[in-house]
Structure formats: structure tokens, C-alpha cells
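This report looks at a pocket, a nonpolar core and a helix, in that order. Please keep the sequence and the coordinates at hand while reading.

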Amino acid sequence: INEINDLFRELELGIRELSRQVNTPILGHTHGQPATPIMLGPYLRAKSRHINLVKPEFRLGGSNGQLSALKMATGMSDFREFSKLWVQKVRHRIDGLDDIQVVTPNDRVGLLQVGPSNETSFLSAMSVSLKMRALCRALWDHCQRKILLPISELAQAGSSAMPHKINPIDFENAEGCFTNAYHIMINSLEANADSRGLRDLSNSVINRHMIEGWVYLYLGVKSLLRGMSKSSYSQTMINKELKDNPSCLTELLRYYIQVEEGRDDPYWQLKKNPPNDFVKTVKRMSNWEIFNLEENHE
């Protein structure tokens, strides 16, 4: 888990490095259509927001069902403390128990399990997995749009059928790992939430494989970082994409006309005649602080 959190810190540094490569906003999209330009850094950080993990509860030996049942029945989650307390209460009330010793799970038992009682860990890991998957898909989309280019593109093999096709393999693998992590976690959470009227709240097969969810989370971040380190943004392609889609400035131009020129809302006018020249439209708004592109990035 410490290694996962270290990778997340490295991920944040990677996002900052990618955003430093971009000197202008990039084309936004909504429902697959050109939309108001967005800043890359905040956009990528939003995809990976709140990625700090809560440590899961690992323990050696014993039944996960016992742990869940103990916590629900007594509010306690430490078997040693519970055993000591229980023995103290019965030792002097039942004949023959004066010399009884407390026997509890210990590190001599070799079976590693993840306690399902810590639901916060599951919810946190599930949320992180989905956000990381969204980040992978965003980067994959940027590869498809040719604004994010793999550094080793010429050396990378394409598909088995189409030699020209370059797969964003690291982002693809990372997306798959995060999907697996999410489904393993939610499966474990569901299995331990439903007691089915029984004292034992767990499913031993599911709980023994629960740790795989954390492994997939680790592998996903590793693959994501590998893809980011092998890719770079093309300012040339970003500028070309903006120029090819001048209608993306419609929203900004609408508010510029209202705020700076003091005219009535031009919504319907712009609906019929959206901007058709990116550079001229930017120059028209060049005195507006919220959208002031440097001349060499036109």
C-alpha cells in the first residue's frame, strides 16, 4: 500500500510535467462535439482528484467472518482484547476456568487475509480505481486525437492485422487493471455486507482473493505512469485542432459580447452563425483577461 501511495505521488508529478508541455488551452469536447477550450493541467488533475488511499486492514489467520461478526455484535475488532475481556468476565463465574489461557490469532498462522470490516478502504479504493480509469480514457482520447504522441511510436508494433495502427498499450492495460480492481473490491464489499441470516458474514473464497484488487490497483498505476513517461504533447497539433474548430469559441464569444461590449445576449445569433475563424475571434477578444493567448500561439 505504501508503494501504491508512492506511485500516486509520482503520478501527480507526471501530470504536472505533461501540463508544462502545453502552452495554450486544448480543445474541449461535450457529447463528442467541439466545446470551449480547457486548460490541460486542471483537466488532468480533475480526473485524478482525491487519490489518497485509506490503508486496508490486513491480518494474519482466522476467519474474516469472525471478524465481521465480532465487530457487529460487540463493536470491537481486536480479537486479543475481546478474548482477554471475555475470559476475565467468565473466569470467576464458571468452575474450572481459573487457570485458562487466552488463545488468539497470531503471526504463526500463515494465511493472509484482508479484513472486510474496513469498508472505508473498499470505498476509497473503488473510487480511486474509477478515477484512474477515467484518466486513462482521457489520455487514450488524446492519443486518438494526435495531440498526445507516444515517443516510441515508430518502434511500437501495431495490431496483428493493421501495421499502421499504434495501440496506446500502456493506457489500455492500465484501464483494464483499474476495471479489475474496481470489480474485485465491489464484489468483496457486497459479499461481506450480506449476512444471509447467518453469523458468518464472509465468503472465504472471495476474501482470500480480495488482495488481488490492491495488486491490480498497483499494476494499473505502474502501467499508467509508464505510458505517461513514453508520451508527450504536441503543441503544433493542439494549435491545429483549435484552428480547425473555431466554433469552440462560441461560448466565450457570447459572454464577451455581453460583458465587454455591453450588448444583448447573442445566443440565437451565434447559434446561426458561430465563429468561423479561430485567430480572428481570439484577436477580437484579445483585451479580455480570461482568454488572452500569446501572439506566437495563434
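## The largest pocket

In this predicted model, the lining of the largest pocket comprises seven nonpolar, six polar and three charged residues. The volume of this pocket is about 420 Å³, and among the 16 residues that line it, P34, A35, S247, T250 and E251 are the closest to its centre.

Three elements each contribute two or more residues to the lining of the largest pocket, namely strand 2 (33-38), helix 10 (250-259) and helix 11 (267-272).

## The largest nonpolar core

The largest nonpolar core holds 50 residues, of which L11, L44, L139, F178, L224, M228 and Y233 touch the most other members. Helix 5, which spans residues 119-144, gives the most to this core, with nine residues.

Helix 1 runs over residues 2-20, and its 19 residues reach 28 Å from the first C-alpha to the last, which is close to the 27 Å expected at 1.5 Å a residue. Its buried residues are I4, N5, L7, F8, L11, G14, I15, L18 and S19. Because these buried residues fall within an arc of 160° when helix 1 is seen down its axis, they line one face of the helix. An α-helix has 3.6 residues a turn, so residues three or four places apart point the same way.

On the face of helix 1 turned away from the buried side, the exposed residues are E3, R9, L13 and R20. L11, one of the buried residues of helix 1, is also among the residues that touch the most other members of the largest nonpolar core.

Conventions
Residues are numbered from 1 along each chain as its sequence is written. This is a predicted model: local features need pLDDT of at least 70, side-chain atom pairs count only at pLDDT 80 or more; totals for chains, interfaces and linings use all residues. Side-chain values use heavy atoms; hydrogens and water are left out. Helices (H or I, at least four residues) and strands (E, at least two) are DSSP runs, numbered from the N terminus. The expected span of a helix is 1.5 Å times one less than its number of residues. Buried means under 20% relative accessible area, exposed over 50%, partly exposed in between (1.4 Å probe, protein chains only). The arc is that of the directions from the helix axis to the C-beta atoms. On a 1 Å grid over the protein atoms alone, a cavity is a set of points where a 1.4 Å probe fits but cannot get out, and a pocket is an open set with protein on both sides within 12 Å along at least five of seven lines; lining residues have an atom within 4 Å of a point. Grid points are joined across faces, edges and corners, and a volume is the space filled by probe spheres set on the points. Ala, Val, Leu, Ile, Met, Phe, Trp, Tyr, Cys and Pro count as nonpolar, Asp, Glu, Lys and Arg as charged, and the others, Gly among them, as polar. A nonpolar core is a set of buried Ala, Val, Leu, Ile, Met, Phe, Trp, Tyr and Cys residues joined through side-chain atoms within 4.5 Å.
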